[in-house]
Amino acid sequence: MEWVATPPGGPRRARQQRRSRPYTGPPSYPAPPRWGFPLLAWRWPLALPTGGNRVDPFERAGATAGTAIAALWVTAGVAALATFAEAWRYVLLLLSRSQALPRTVLAISDALVGTTGLILVLMGVLTGVFVVLWGLRARVAAAERIGVRNARPDWQLVVGVLVPGLNLLVPGAAVAELEHSLLVAEGAREKGARPWPSLRVRFWWALWAATVVVALITFVWTFRDGVQALADGVVLHAVNDALVTALAVVTARLIDHFMRLLLPPDPAELSRLQVHAVRAAPPPQRAPRPGTAPR
């Protein structure tokens, strides 16, 4: 007897080589096929918000705050460089009273002043848009957190920032109201109390008003003629650029402080906290027992 082992199903048949057919174009169907993906827009699975397409105001405020802070630091750097350029120009003006200056030094000074001045104007406008947008979104998030409605509409705040005269009062009042809402949410103030700016907000308000006033004086001073007026204009530009530098830094720190009050703490930061001491509560004191009480 001879045993022959074969795979299940019998011996395999030799594969027939398929001939490649010529290309006749894309496939066509007599009717639309029923297979494939449904005709729906892409959605992240199981991540739809409960309120439909409504965006979380806290996330909007946090995203805008990061952009505004980055723009503020860039503006501060450009303003500091513009301050140095104006101060250098004033030193050259003082030296030119007693000696002739090289042409290369004057060309570098003029290029530095012109370049930093133009970039500072562009960055100032862009940063102002980001900061105002953050303020509008932050006040909405703060009002929703404490369950109130803002008394002023957004267009009034925008007009108050742009109109001369009003921009000395409206921005500071808006920041004070935002701080009040955040402190109410933290439980540090009562909801019905009158908003009163803290020392941090008052310092920012005074710095903002000083920057606006000096910028207006500097702009008006440019229309004066004379050598002394030009020299004074250089000093005013240097002071204005220095105020812009300080204002950008203080505003960035203020936005970061407000976002710490508005958003919940980061779990990574809470994990780095250390407990230095644990104090046990004193035991409750028992009331004195009267002598006539039955034992």
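How far apart along helix H5 are Trp204 and Trp208, counted in helical turns? Here are my notes.

1. First, the ground rules. This is a predicted model, so local features need pLDDT of at least 70 and side-chain atom pairs count only at pLDDT 80 or more, while totals for chains, interfaces and linings use all residues. Residues are numbered from 1 along each chain as its sequence is written, and side-chain values use heavy atoms, with hydrogens and water left out.

2. Back to the question: Trp204 and Trp208 sit four residues apart in helix H5 (residues 199-221), about one helical turn. Helices here are DSSP runs (H or I, at least four residues), numbered from the N terminus.

3. The ring centres of Trp204 and Trp208 are 6.0 Å apart with planes at 10°, so the pair is stacked. To pair, rings of Phe, Tyr and Trp (its six-membered ring) need centres within 6.5 Å; planes under 30 degrees apart are stacked, over 60 edge-to-face, and the rest tilted.

4. Now for accessibility. Trp204, at 8% relative accessibility, is buried, and Trp208, at 19%, is buried too. Trp88 is partly exposed at 27%. The cut-offs: buried is under 20% relative accessible area, exposed over 50%, partly exposed in between (1.4 Å probe, protein chains only).

5. Finally, Arg224 lies over the face of Trp221, 4.3 Å from the ring centre. That label needs NZ of Lys or CZ of Arg within 6 Å of the ring centre and within 35 degrees of the ring normal.

Conventions. Helices (H or I, at least four residues) and strands (E, at least two) are DSSP runs, numbered from the N terminus.
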